[in-house]
Amino acid sequence: ASPRDGDLPRTAADCMRSPVVTTNPGASLVEATRAMVSAKVHRLVVVEDDRVVGVLSTRDVLPHVEKARSARKLSEIMTRDVLTIDLDTTVDAAVEKLSEANVHGLVVVDGEHPIGVFTHAEALASRRLPAALRARPVEEVMSYETICFAASTPVYRAAAQALRMNVRRLLVVENREVVGILSCLDLARELTL
């Protein structure tokens with residue numbers, strides 16, 4: 001069964017990640033990116049003299065990935081195991097699958113064709129819905145903000161588009177079918193090679 005409001009954590013401490021992954025302002029961009037990749041986090045807390053002075057995110061790194069103009073193709077770095085759900089899957093079933101799969105998002109498909117994504121943001125928002133609405137198709141609450149690329153697209157071009165379109169996940173398609181998925185962290189990893 002999917003969690004309901006009564007099952008939600010009461011405080012930030014109930015669900016925070018610890019220890020905090022940090023860097024210092026003098027760390028090179030490559031070092032900081034390597035720390036993000038190693039810890040599998042999309043943000044580093046920047047600390048100086050035991051004081052938080054900023055946050056560095058994968059989105060902050062993307063302009064540098066674009067400038068580096070890596071010739072590698074998305075097919076070389078994408079995750080091939082893409083979890084999908086059909087557009088008429090209920091919201092409750094989508095929340096449950098997302099929770100069980102322990103991933104950040106599911107690709108919503110119409111047949112084999114991607115039409116959107118269902119992420120933690122949509123799952124959290126759906127918890128406030130009445131039961132009758134959670135029994136409705138996931139298509140009604142999914143995010144339509146997706147961006148699809150051919151597997152042969154260079155990494156730098158995908159980084160530029162992700163930045164300009166403000167998306168976190170990129171779908172890789174061939175013949176309109178999903179063959180892979182990438183996050184901004186996958187793109188940022190290019191700076192560490």
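Modeller: What follows begins with the pocket and then takes up several of the elements that line it.

The model is predicted, so local features are given where pLDDT is at least 70 and side-chain atom pairs count only at pLDDT 80 or more, whereas totals for chains, interfaces and linings use all residues. Residues are numbered from 1 along each chain as its sequence is written, and side-chain values use heavy atoms, with hydrogens and water left out.

The largest pocket holds about 1400 Å³ of space. A pocket here is an open set of points on a 1 Å grid over the protein atoms alone, where a 1.4 Å probe fits, with protein on both sides within 12 Å along at least five of seven lines; lining residues have an atom within 4 Å of a point. Points are joined across faces, edges and corners, and the volume is the space filled by probe spheres set on them. The lining comprises 43 residues, and those nearest the centre are His42, His104, Arg168, Arg169 and Ser183. Two or more lining residues come from each of β2, α2, β6, α5 (120-126), β8, β9 (177-183) and α8. Helices (H or I, at least four residues) and strands (E, at least two) are DSSP runs numbered from the N terminus. By class, 20 of the lining residues are nonpolar, 12 polar and 11 charged; Gly is counted among the polar residues, and Tyr and Cys among the nonpolar ones.

Strand β2 (residues 43-48) pairs with β3 in the antiparallel sense over six bridges, where pairing requires at least two DSSP bridges between two strands. Across this pair, Glu48 has Arg51 of β3 as its bridge partner. The strands belong to an open sheet of three with the order β1-β2-β3 and mixed pairing. Because β1 (22-23) and β3 (51-57) each have a single partner strand, they stand at the edges, and one side of each lacks a neighbour in the sheet.

Strand β6 (residues 113-119) is mostly covered, with five of its seven residues buried; buried means under 20% relative accessible area, exposed over 50%, and partly exposed in between (1.4 Å probe, protein chains only).

In α7 (residues 155-165), the buried residues are Val155, Tyr156, Ala158, Ala159, Ala160 and Ala162. Just after α7, Asn166 takes a positive phi of about 55°.

Two cysteines complete the picture. Cys184 is buried, at a relative accessible area of 3%, whereas Cys148 is partly exposed, at 38%. The closest cysteine sulfur to that of Cys148 is in Cys184, and the 15 Å between them is too far for a bond. With a disulfide taken as a pair of cysteine sulfur atoms within 2.5 Å, the count is zero.
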